[in-house]
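Here's a quick briefing to read alongside the structure. Have the viewer open and click through as you go.

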Amino acid sequence: MIKKLRPGVRRDVDMTEGDIFKNIIRFALPLLVGNLFQQLYNMVDTWVIGQTGENGAYAAVGSVGPIINILIGFFSGLATGAGVVISRYYGAKDSENVKKAVHTVIAMTLVLAVLFTVLGITMTPLFLRLMLHTDGTAADAESVYPYARTYLTIYFAGVAGLMLYNVGAGILRAVGDSDRPFLFLVVSAVTNTLLDLLFVFVFRMGVAGVAWATIIAQILSAVLTVITLLRTDSVVKLEPKEIRFHWGILGRIVKIGLPAAIQMALTSFSNVFVQSYIANVNGDQTISLAAWTTYSKVDQLIFLPMQTLALAVTTFVGQNLGKGDVARAKKGTLLSWLTAVVTTVVLMIPILLFAPSVAWVFNRDPDVVALAGMLLRCLTPFYVFCCVNQVFSGALRGAGDSIAPMLIMLISFVGFRQVYLYVMSNYISNDLLPIGLGYPAGWIVCASTLLLYYRFFFSFEKRKGAVKNG
């Protein structure tokens, strides 16, 4: 017998009723600010190291993202599947299966946390050698290697904190509570910043200091999130004795989340090779990596609004298709995309106007500033294509269609981009800008293909039945 959600859930947001735009913005704003604080982890790490004047350490801390995201991206894909399943059951007012899904995803996280800690530590040297071409002849890349290895080894030793926070926050967001995950990120980000300053400038711990600051802060956010799940009066209340695998629900989570997990992991793995092309461009490798690191920090900020709206539309579509409201799901998708485009354009304008000044905030080396400013001005206009990629793939996943966005993104970001980089570096130009343009080239291919699929091959009406049947 299906139990109904009890009244009195105060922080959940039912996105199946009320003004669509207000619902999406109300959900997305705290999530946006929360994601901004989450980005501050590595951004503050990079900034602090950048003030020491050691370009090798700066490039190392700023360029390890693709390696981290191979494992974290895979886990995030599975967590996305969990969020979709929970939001569907929540939209259908099925509290019994909401509870089963919550305890299943916690069990899954605990198992994967142990596995990813071991894999992350043991695989770090291999990934760094692939990314930095450390064959004993590239002196500049070798100068980055020891810093990067130190950072990643410590980071992966504490990766369980990040995983528990992300999955716990995803559970709360799936039922519309994005406020408390945001507050925990604020506390965590402030802690990370203070510890960065303490460990680097007082204790002189260098790269190891910013790594320790990061994992301590992530563990803090995980503890706060787990305590919230244990004490909440919501249907997602965590009962330790109930943590176990419900295999049918795990199968649904994997069915939806595995394609996204594979896509995110393979895209990140592909980005390891992109970084290897950056490390091998003409000129000083450390300067090139440092310039790419600076560009990447700004890139993460531009991506935030569209990524947040993609998360919001995934929950929105999941809840509304759970209720069977196709028209509302369609309208929410369109409004989310338009909002993403407007906010992205607003962010682009000052970056295009003041690119060197923006780069200078992260690194004071004039050679790094010049290269990073060039990358910002030449690559930034293409972010409007990413709005399509983020929001429409989020809507498809919310509707339970994870296969199509996975295939489209793999073809665009792994297949096409790698072919582009190989041809460009070997036959046309191995300078930094032509290599960097491999990113927007992949975005354009992905946006075009995704729109064609959404317009001619996807149907919310057909997905409604699949969602309501679980």
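Start with helix H11 (residues 326–353): at 1.5 Å a residue, its 28 residues should span 40 Å, and its end C-alpha atoms are 42 Å apart, which agrees. Keep in mind that this is a predicted model.

**More on H11**

- Asp325 caps the N-terminal end of H11, with a side-chain oxygen 3.1 Å from the backbone nitrogen of Arg328.
- Arg328 itself is buried, and the buried residues of H11 also include Val326, Gly332, Ser336, Thr339, Met348 and Ile351.

**Aromatic rings**

- You'll find 21 aromatic pairs in the structure.
- One of them is Trp337 with Phe392, a tilted pair at 6.1 Å centre to centre with 55 degrees between the planes.
- That pair links distant parts of the chain, since Trp337 sits in helix H11 and Phe392 in helix H14 (residues 383–398), 55 residues apart.
- Trp337 counts as partly exposed because its relative accessibility is 25%, while Phe392, with a relative accessible area of 6%, is buried.
- Tyr454 and Phe458 make a stacked pair, 5.8 Å centre to centre and 20 degrees between the planes.
- Both Tyr454 and Phe458 are buried.
- The two pairs belong to one aromatic cluster: Trp337, Phe392, Tyr454 and Phe458 are in it, along with Tyr453, Phe457 and Phe460.

**Arginines over rings**

- Arg364 lies over the face of Trp360, 3.9 Å from the ring centre.
- Arg455 does likewise with Phe456, at 5.1 Å from the ring centre.

**Nonpolar cores**

- The largest nonpolar core has 135 residues, and Tyr151, Val236, Tyr383 and Phe460 touch the most other members.
- Helix H10 (residues 285–323) gives the most to this core, namely 16 residues.
- Apart from this core lies another one, of five residues, including Tyr165, Ala169, Phe184 and Leu185.
- What does Val236 contact, leaving aside its neighbours within four places in sequence? The list is Val98, Val102, Ile171, Leu172, Val175 and Leu229.

**A loop histidine**

- His246 is in the loop between helix H8 (206–231) and helix H9 (247–279).
- Is His246 buried or exposed? His246 has a relative accessible area of 16%, so it counts as buried, the cut-off being under 20%.
- Leaving aside neighbours within four places in sequence, His246 is in contact with Lys100 and Thr104.

Technical notes:
Residues numbered from 1 in each chain as written. Predicted model: local features only at pLDDT ≥ 70, side-chain atom pairs only at ≥ 80, totals over all residues. Heavy atoms only, no water. Core = buried A, V, L, I, M, F, W, Y, C linked by side-chain atoms within 4.5 Å. Buried < 20%, exposed > 50% of the residue type's maximum accessible area, 1.4 Å probe, protein only. Helix = DSSP H or I, 4+ residues; strand = E, 2+ residues; numbered from the N terminus. Contact = heavy atoms within 4.5 Å. Expected span 1.5 Å × (residues − 1). Polar contact = N/O pair within 3.5 Å; in protein donor to acceptor, adjacent residues only side chain to side chain. Phe/Tyr/Trp six-rings, centres within 6.5 Å; stacked < 30°, edge-to-face > 60°. Lys NZ or Arg CZ within 6 Å of the ring centre and 35° of its normal.
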